[in-house]
Amino acid sequence: MTFSSVINKVPLTSTIQQIALEVNVSMPSTLDGQLTTILKLWYDKEGVIDVSKMNIVWDDMRVEGNGTLSLDQELQPLGAFT
């Protein structure tokens with residue numbers, strides 16, 4: 001079962017009405033170079049995106065929360081939300 005096969009069976013429209021985020025981002029001192037270089041620098045400096053408020057409205061479903069995003073050692077997204 002894939003996410004898209006599940007979504008196609010859920011009685012929701014294919015359009016999300018609202019996504020609102022309030023975030024604080026620690027940025028690397030430079031954004032020069034390739035994306036991999038920038039992400040590695042951000043990981044090495046323990047870069048974090050703190051999501052203080054998140055709000056998603058999709059038909060009758062409403063999701064609210066907060067959390068943190070960062071990168072693991074393989075530069076893959078790592079997050080925790082409530």
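How many helices and strands does the chain have? The chain contains 2 helices and 4 strands, taken as DSSP runs numbered from the N terminus (helices are H or I with at least four residues, strands are E with at least two). Along the sequence they follow the pattern α-β-α-β-β-β. The model is a predicted one, in which local features need pLDDT of at least 70 and side-chain atom pairs count only at pLDDT 80 or more, while totals for chains, interfaces and linings use all residues. Residues are numbered from 1 along each chain as its sequence is written, and side-chain values use heavy atoms, with hydrogens and water left out.

The 4 strands form an open sheet in the order E1-E2-E3-E4, with antiparallel pairing (two strands pair if DSSP finds at least two bridges between them). E1 and E4 stand at the edges with a single partner strand each, so one side of each has no neighbour in the sheet. On average, neighbouring strands of this sheet are turned by 25° against each other, direction ignored. Helix H2 (residues 35-44) packs on the sheet and touches E2 and E3, its direction making about 85° with that of E3. Here axes are lines fitted to C-alpha atoms, for helices over the stretch in contact, and angles run from 0 to 180 degrees between N-to-C directions; contact means heavy atoms within 4.5 Å.

Strand E3 (residues 61-71) is joined to strand E4 (residues 77-81) by 5 bridges. Leu69 stands opposite Gly79 in E4, and Ser70 stands opposite Leu78. Between the strands of this hairpin lie 5 residues, and Leu75 takes a positive phi near 65°.

Asn55, found in strand E2 (residues 49-58), is buried because its relative accessible area is 14% (buried means under 20%, exposed over 50%, partly exposed in between; 1.4 Å probe, protein chains only). Beyond its neighbours within four places in sequence, Asn55 is in contact with Gln18, Ile19, Ala20, Arg62, Val63 and Glu64. Ile19 itself lies in strand E1 (residues 18-25) and, at 55% relative accessibility, counts as exposed.

For the chain as a whole, 17% of the 82 residues count as buried. The accessible surface comes to about 6400 Å², of which 57% belongs to carbon and sulfur atoms (Shrake-Rupley method with a 1.4 Å probe; for residues, only the protein chains shown count as cover). Among contacts with a separation of 6 or more, 47% come from residues 24 or more positions apart.
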